[in-house]
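Please read the numbered paragraphs beside the model.

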Amino acid sequence: MYQALYRKYRPRTFDEVVGQKHITKTLSNQVKKGEISHAYLFSGTRGTGKTSIARIFARALNCLSPVDGSPCYKCEVCKALSEPNCMDILEIDAASNNRVDEVREIREKVKFLPTNGKFKVYIIDEVHMLTDSAFNALLKTLEEPPAHVVLILGTTEPHKLPQTILSRCLRFDFKLISPTELKQHLISIFNKENINYEDSAVDLIVSAAQGSVRDMLSIADAVVSLGGGVASYSNALSILGATNQEKLFKFADQILSGNLGGAFEVVDEAIKGGINISVFAKDLTVHFRNLLVAKTCENCEGILNLPAEVVQKMKDQAKDASEEELMFLMRNFSEIEPELKYSLSPRTLVEVACVKAISGDGSKKN
Ligand SMILES: [Zn+2]
């Protein structure tokens, strides 16, 4: 049976977690020293490891002989906690259980001692989705937590949490995973799975994942299954619907040199090549944004998230344009994005944007 990469490579120890070293180090030290807080807040974008780390931590807290602060998975408690009907680690998705009753139920249940280990751990995901009355109920638990209870609250939107909750939690901010870390992780998985891959496919998948391990692995799954076990650049392109970088450079060349006919030709090639015109328009905005970054930012490599040779090409292309021009072009192509969805003729919208880009508002100094 084929198992999705994301599930198969879910980390089981702190060492296996991709990125977030600042967090895994603190948590494993807490386990080692036995200095546990009663409430934690894990805040950060989806796919950055909040739930995975919460699960590891919940097990490590209870494990009889933790290995370097991570659960051993061998002792009787670790085994009991892996049973599906285990009630000592409870995961609650606040997005679907935001009613006050559910939180009251937690308050009722926290009185009972854990059946296996030392701690009963509640992992409440998307906690910002709770209703006000549910927050108040949760707060009561946070105010006087029983010694055997640990709450791990996860959120993608910490600013929506009341101060009274924030002030009672030990907070950890999860960062996006860097392209380098994502890339290493993906390549190591491809090697373990004996999946042949093209480097350019890996770069494309990593860049589309935007800092999320989960997104990266689900894209990789789709690319590999389309390719019958191989990760090729062309399959990554068709899965992502992304425009080939070369086309974007070619298009920008035409616009920057004021060649309207040339720009129309690239649009035509893109459509005939099966690229969705709305995706193409979005990619153009991103491309001009990337050029602007390449031109203005000292550390553009870190921001652009692209292979080194592409970054160099960006810098070269950006040389011929002024900052104002690039700002204008980025705005010009982003303005049509909301209209594209509803337009009967998205191609014309893009072409009108080309005309504006070349003749329009101060893009070219005649
Ligand atoms: Zn154990």
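Between which strand and which helix is the loop with Glu126 found?

1. Glu126 is found in the loop between S3 and helix H6 (132-143). Helices here are DSSP runs of H or I with at least four residues, strands are runs of E with at least two, and both are numbered from the N terminus. Phi of Glu126 is near 50 degrees, a positive value in a residue other than glycine. With 20 C-beta neighbours inside 10 Å, Glu126 counts as buried. The term buried applies if 20 or more other C-beta atoms, placed from the backbone, lie within 10 Å of a residue's own; 12 or fewer make it exposed, and values in between partly exposed.

2. This is a predicted model, in which local features need pLDDT of at least 70 and side-chain atom pairs count only at pLDDT 80 or more, while totals for chains, interfaces and linings use all residues. Residues are numbered from 1 along each chain as its sequence is written.

3. A positive phi is also found at Gln20, which has a value of about 55 degrees although it is not a glycine. Gln20 lies in the loop between helix H1 (5-8) and helix H2 (21-33). Gln20 is buried, with 23 other C-beta atoms within 10 Å. For background, most residues other than glycine have a negative phi.

4. Overall, the protein has 19 helices and seven strands. Its C-alpha trace spans about 75 × 45 × 40 Å along the principal axes. Of the 366 residues, 38% are buried. Among contacts with a separation of 6 or more, 74% join residues 24 or more positions apart; two residues are in contact if their C-beta atoms, placed from the backbone, lie within 7 Å.

5. Five strands form an open sheet in the order S2-S3-S4-S1-S5, with parallel pairing. Strand S2 (89-93) and strand S5 (170-173) stand at the edges, each with a single partner strand, so one side of each is left without a neighbour in the sheet. Neighbouring strands of this sheet are turned by 15 degrees against each other on average, direction ignored. Strands pair if DSSP finds at least two bridges between them.

6. Several pairings can be followed across the sheet. S2 and strand S3 (residues 120-125) pair in the parallel sense over five bridges, and Glu91 has Ile123 in S3 as its bridge partner. S3 and S4 run parallel and are joined by five bridges, with Ile123 opposite Ile152 in S4. Strand S1 (residues 39-43) is likewise parallel to S4, through five bridges, and Phe42 stands opposite Gly154 in S4.

7. Helix H14 (residues 277-296) and helix H17 (residues 323-335) pack at about 160 degrees with their axes 8 Å apart. Axes are lines fitted to C-alpha atoms, for helices over the stretch in contact, and angles run from 0 to 180 degrees between N-to-C directions. H14 and H17 are therefore roughly antiparallel; angles over 145 degrees count as roughly antiparallel and those under 35 as roughly parallel, with 65 to 115 roughly perpendicular and the rest oblique. The crossing of H14 and H17 is left-handed, a term used if the near helix is turned anticlockwise from the far one by less than a right angle, right-handed being clockwise. Their contact divides into ten nonpolar, three polar and three charged residues. Ala, Val, Leu, Ile, Met, Phe, Trp, Tyr, Cys and Pro count as nonpolar, Asp, Glu, Lys and Arg as charged, and the others, Gly among them, as polar.

8. The axes of H2 and helix H3 (residues 50-62) come within 10 Å and cross at roughly 15 degrees. H2 and H3 are therefore roughly parallel to each other, and their crossing is right-handed. Ile23, Thr24, Leu27 and Val31 of H2 make the contact with Ile53, Phe57, Ala60 and Leu61 of H3. By class, these residues are seven nonpolar, one polar and no charged.
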